Amino acid sequence: MPFTAVAQTQPPAPIVIETAHLSLALAVGQNHKLYQTYLGPKLAAAADYQGLPQRHEAYPPAGTDNLFEPALRVVHADGNPGLALAYVGTETTKTDDAATTIIRLRDPLYPVEVRLHFVAYQREDVIKTWTEIVHHEKKPVVLTNYASAMLHFEASKYYLTQLHGDWAEEGKEVESQLTSGTKVLDTKLGTRAAMYQTASFFLATDRPATETTGNVLAGSLAWTGNFRLAFELDNEQALRVSAGINPYSSQYTLPAGQVFTTPEFIFTYSTQGKGQASRNLHRWARQQGGELDGTLPRLTLLNNWEATYFDFNEPKLDALMGDAAKLGADLFLLDDGWFGNKYPRKDDHQGLGDWQPTTSKLPNGVGHLVQTATKEGIKFGIWIEPEMVNPKSELYEKHPDWVLKLPGRPEDYYRNQLVLDLTNPKVQDFVYGIVDAQLSQGVAYLKWDCNRMITNGYSQYLGKDQSHLYVDYVRGLYRVLDRVRQKYPHVPMMLCSGGGARADYGGLKYFTEFWASDNTDALERVYIQWGFLNFFPSNAIASHVTNWNPQQTLKFRTDVAMSGKLGYDIEVSKMTPAELQFSQQAVKDYKRLSPVIWQGDLYKLRSPYEGNQAALLYVAENQAEAVVFGYNLRTRFHETVLPVKLLGLDPARRYRLTEINLMPGQKSNLPANGQTYSGDYLQKVGVVLSDPEAKALTSHVLEVTAE
Ligand code: GLA
């Protein structure tokens, strides 16, 4: 695209990017710079956007007059490290759902252009933003910082809520007040990137937000790799939030004419607390492509991982598929351990990379398993970990150059494996081939795993551009997934990363769900799912009933899994008749209620972080039906359990409450069971969601139906 000179003499009118309730205003100064002048609830009078103070450069470049966190730093082809960005123009387009604004900026001295993209989703009150950087210098320039977005705030205090964790303890919520200086949430893990930190957050201004009160921004970076979220509180109490790829070890050399596109940063804003912000994101994800096929039904599956681990064969799997059908599941998911012949995958020490079925275990291949499933009236899904390789594999023997490893240093293993070099198009073809081979033979679901991070990262393919590794790895991954989705647009796929280390909207564009954690202890899951539900809709959060903690009742485990995307990873044949009957009914009820659980609005009623109870509710958009989940956690002897106010219902309607998920023969002893109340009563007075003698690790599920 040819560069036009910066010809603006009179600053144009403010650029207001707005949704039904939110607006972001930008204005061009006399100095041609672009400023963010407002971010918050929409102003009632459009004229009020005129004349707002111009204190914060919207996308501040480094090396000229910027003193704080830059959005973009470019080292020009001549070695000059200074960048200035002047306003060039704005283009806007509109559809029924969204308004797109593209603001062009350029350096008056060097042919470097920046395009800030904003898509404002009206109904969902969500803005998606990203940046394109392009130049026409004589030689490549080097990008050392390249944020997707920067947002500015002015408030007396700032409170950040983040999710952090580790393997089997994902999604832990923690809130802290920001102090002067920079707080950074980031990852340098490359693959399995979000193992310790998650790229989603809440930021409340002036005072901490609750579920129902407070001004709060929710933000999430759509990138399945190294990210960096920086919150810099300056000397004047202003906060700049920068979100983007982590520039750590990732200087990017950009040839002339090539567009560098950053990942998308998605945000919403609520004046009524975190709950509204979560609901906005959920609705956006489901309806605007944030997750794949967000409004389509999901499959209820039975997985064999915790039931068998690597120890299975064809007859055992055939029997398990019979069990899946008996349970009422839609699909059987065969996990790790089905592949490798020279080095059969009998444990996690070998075979990864050799994606042929192990003939001693599966003499009739995957085709037979698909057939058995079909006979049983269910579908068949399979586990793959296509980005990885065990050194003990034929793949490694054949293609040692496809592995990320530092020349001259010992290989560094994690779960006995290495990462394949997805920057290499040949490796991308190989990975695509693994997926295609499965899906073209009738496999109806994939669990795509990624069990290690990048260490000793070095790509033989990239040669001297090693600092492109982290960025180009993720781009390579997305290239493969784009191809997969071109050929198989709707096959459901679960994104797993040794648990929940890939919970991000970059991945969810291609996946219908993610595995939140290998930890399926139901008590732990209440917290893990609670954390992820802040930012992701329930139909994206795979939640399975397992035997991880057999001390917990099957009912408790089921009640917890049912508040997300229900699945099973349990030996159905070992269930007692009563347990089987209970589970069959639970699956039936879940399917009946899943439109409400998946598509409804989530109200978090009682946080597990604040006491010994947790409660949440999903309500259908038409407010005719809701499902309430109440959990007693580490409830103490004689602990008082207060009524829970059921939010989101229509105050003018009457609702009948019916307890479901009761064990055969068990009678409900909830006083509210079978009663009818007005929505007004339920939201103001509430109901007790516990037996009179509240016991630890008990739970209740109530169906709420408008009369
Ligand atoms: C990871 C996943 C598990 C399971 C195993 C298989 O740990 O998170 O769910 O698939 O790999 O090896």
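## Serine 517 and its surroundings

In this predicted model, serine 517 is in contact, apart from its neighbours within four places in sequence, with Ala168, Glu169, Glu170, Gly499, Gly500, Arg525 and Ile528. One of these residues, glutamate 170, is also joined to serine 517 by a polar contact of 2.6 Å between the two side chains.

Serine 517 has its place in the loop that runs between strand β28 (513-515) and helix α9 (522-533). Although serine 517 belongs to a loop, its relative accessible area is 0%, and it is therefore classed as buried, a term that applies under 20%.

## The ligand site

Around the ligand there are 13 residues, of which Asp335, Asp336, Arg415, Lys447 and Asp518 come nearest. Sorted by class, this shell is made up of 6 charged, 4 nonpolar and 3 polar residues.

In the case of aspartate 449, an N or O atom of the side chain is 3.0 Å from an oxygen atom of the ligand. The ligand taken alone would expose 310 Å², and 95% of that area is buried by the protein.

Most residues other than glycine have a negative phi.

## Glutamine 486 in helix α7

Glutamine 486 is found in helix α7, which comprises residues 469-487. At 67% relative accessibility, glutamine 486 counts as exposed, because the value is over 50%. Between the C-alpha atoms of glutamine 486 and glycine 190 the distance in space is 26 Å, while the two residues are 296 residues apart in sequence.

## The chain as a whole

The protein chain has 36 strands and 12 helices, and the C-alpha trace spans about 80 × 65 × 45 Å along its principal axes. For 707 residues, a compact globule would have a radius of gyration near 27 Å, so the 26 Å of the protein chain agrees with that expectation.

Of the 707 residues in the protein chain, 62% are buried, and the chain exposes about 26,000 Å², with carbon and sulfur atoms supplying 51% of this area. Among contacts in the protein chain with a separation of 6 or more, 69% are accounted for by residues 24 or more positions apart.

How values were computed:
Residues are numbered from 1 along each chain as its sequence is written. This is a predicted model: local features need pLDDT of at least 70, side-chain atom pairs count only at pLDDT 80 or more; totals for chains, interfaces and linings use all residues. Side-chain values use heavy atoms; hydrogens and water are left out. A residue is near a molecule or strand if one of its heavy atoms lies within 4 Å of it. A polar contact is a pair of N or O atoms within 3.5 Å; within protein, one must be able to donate a hydrogen and the other to accept it, and residues adjacent in sequence count only if both atoms are side-chain atoms. Accessible areas come from the Shrake-Rupley method with a 1.4 Å probe; for residues, only the protein chains shown count as cover. Ala, Val, Leu, Ile, Met, Phe, Trp, Tyr, Cys and Pro count as nonpolar, Asp, Glu, Lys and Arg as charged, and the others, Gly among them, as polar. Helices (H or I, at least four residues) and strands (E, at least two) are DSSP runs, numbered from the N terminus. The radius of gyration is taken over C-alpha atoms; the globule rule is 2.2 Å times the number of residues to the power 0.38. Buried means under 20% relative accessible area, exposed over 50%, partly exposed in between (1.4 Å probe, protein chains only). Contact means heavy atoms within 4.5 Å.
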